Amino acid sequence: MKFVTADLNGEVFVGLVDEVAGRILPLGKAAEKKDGRSDIPTTMQECIALGDSFIQKVISIQAWANNGEADELFLPLDEVKLMAPIPKPSKNIFCVGKNYAEHAIEMGSKDDIPEHILVFTKAPTTVIGHQETILHHQHLTKQLDYEGELAIIIGKKGRGISKEEALEYVFGYTIINDITARDLQFRHKQFFIGKSLDTTCPMGPWVVHSSSIENPNRLDIQTMVNGEIRQKSNSENFIFPIEEIISVLSQGMTLEPGDIIATGTPAGVGIGFHPPRYLQPGDAIEITVEQIGTLFNKMEK
């Protein structure tokens with residue numbers, strides 16, 4: 001199951017994607033036609049907070065729609081605007097730094113490979129969706145960089161979560177581009193300002209439900225800039241796997257439905273080249289994660 005937050009002529013809704021057919025089923029309208037009432041919330045966060053009851057309802061709607069009962073409700077995928085799956089997160093995005101050894105090395109040396117999880121955050125106002133434009137902020141930075149990442153969407157409230165139970169707390173997975181102003185990152189020492197310029201967290205194009213991904217720690221990930229492969233790895237190369245990330249974050253801190261965790265980026269970021277290859281006006285960035293899809297964004301010209 002692939003869930004989107006979409007906008008059609010100003011009406012925002014949560015939809016179910018049929019990628020093969022290139023169409024979206026608005027879940028609220030489908031529920032209304034099927035059951036005579038719509039009890040599907042209009043935001044992804046509210047849907048996630050319903051827990052398993054939401055998924056069971058979607059399974060029922062999907063089976064009903066597959067019998068041809070909702071054909072007139074489907075919308076062509078290319079006729080709606082795909083927003084970020086969670087356009088306005090209720091808290092900062094959690095981000096894991098240097099979670100691939102080769103990336104840690106390209107940012108410094110083998111001494112930079114962390115022994116413990118390195119965590120920073122990005123402000124909620126950084127979030128934009130698939131195909132939206134990334135602002136260049138040329139008056140603030142000359143070193144805007146890309147970072148393709150697999151991201152986790154938390155599905156239920158938990159604290160003190162064990163590694164063995166961690167995946168039970170995942171609603172689904174999406175893609176994030178952790179755009180970073182390197183000069184601001186290094187100038188301010190802590191990462192928050194360099195990671196939190198507006199539009200520097202493209203997310204999407206959708207959330208793939210956890211039931212559709214057997215092993216999130218074994219997914220290919222690739223970043224292309226203007227059609228050139230810059231990053232290519234697999235989440236099996238994580239230093240800290242997803243179970244450990246969730247467990248560590250939840251020790252003493254409550255994770256909640258809709259929380260977003262970016263799992264780290266592979267080697268191949270712009271600053272790792274000699275000379276560095278930072279993002280330029282008009283650059284196109286495509287991040288593809290196996291079993292999820294491709295997130296596409298362009299820099300403003």
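1. I287 has L295 of β19 standing opposite. This is a predicted model. The strands β18 (residues 284-289) and β19 (residues 293-299) run antiparallel and are joined by six bridges.

2. These two strands belong to an open sheet of five, in the order β9-β19-β18-β15-β16, with mixed pairing. At its edges are β9 (133-134) and β16 (228-234), each of which pairs on one side only.

3. The largest nonpolar core comprises 51 residues, and I246, I261 and I292 have the most contacts inside it. Helix α7 (residues 242-250) gives the most to this core, contributing four residues. In soluble globular proteins, nonpolar side chains tend to be buried together.

4. Which residues does I292 contact, leaving aside its neighbours within four places in sequence? They are K2, L150, Y173, T174, I175, W206, V208 and I213.

5. Helix α1 spans residues 27-35, and its residues L27, G28, A30 and A31 are buried. Viewed down the axis of α1, the buried residues fall within an arc of 160°, so they line one face of the helix. As background, an α-helix has 3.6 residues a turn, so residues three or four places apart point the same way.

6. After α1 comes G36, with a positive phi near 85°.

Conventions. Residues numbered from 1 in each chain as written. Predicted model: local features only at pLDDT ≥ 70, side-chain atom pairs only at ≥ 80, totals over all residues. Heavy atoms only, no water. Buried < 20%, exposed > 50% of the residue type's maximum accessible area, 1.4 Å probe, protein only. Arc of directions from axis to C-beta. Core = buried A, V, L, I, M, F, W, Y, C linked by side-chain atoms within 4.5 Å. Contact = heavy atoms within 4.5 Å. Pairing = 2+ DSSP bridges.
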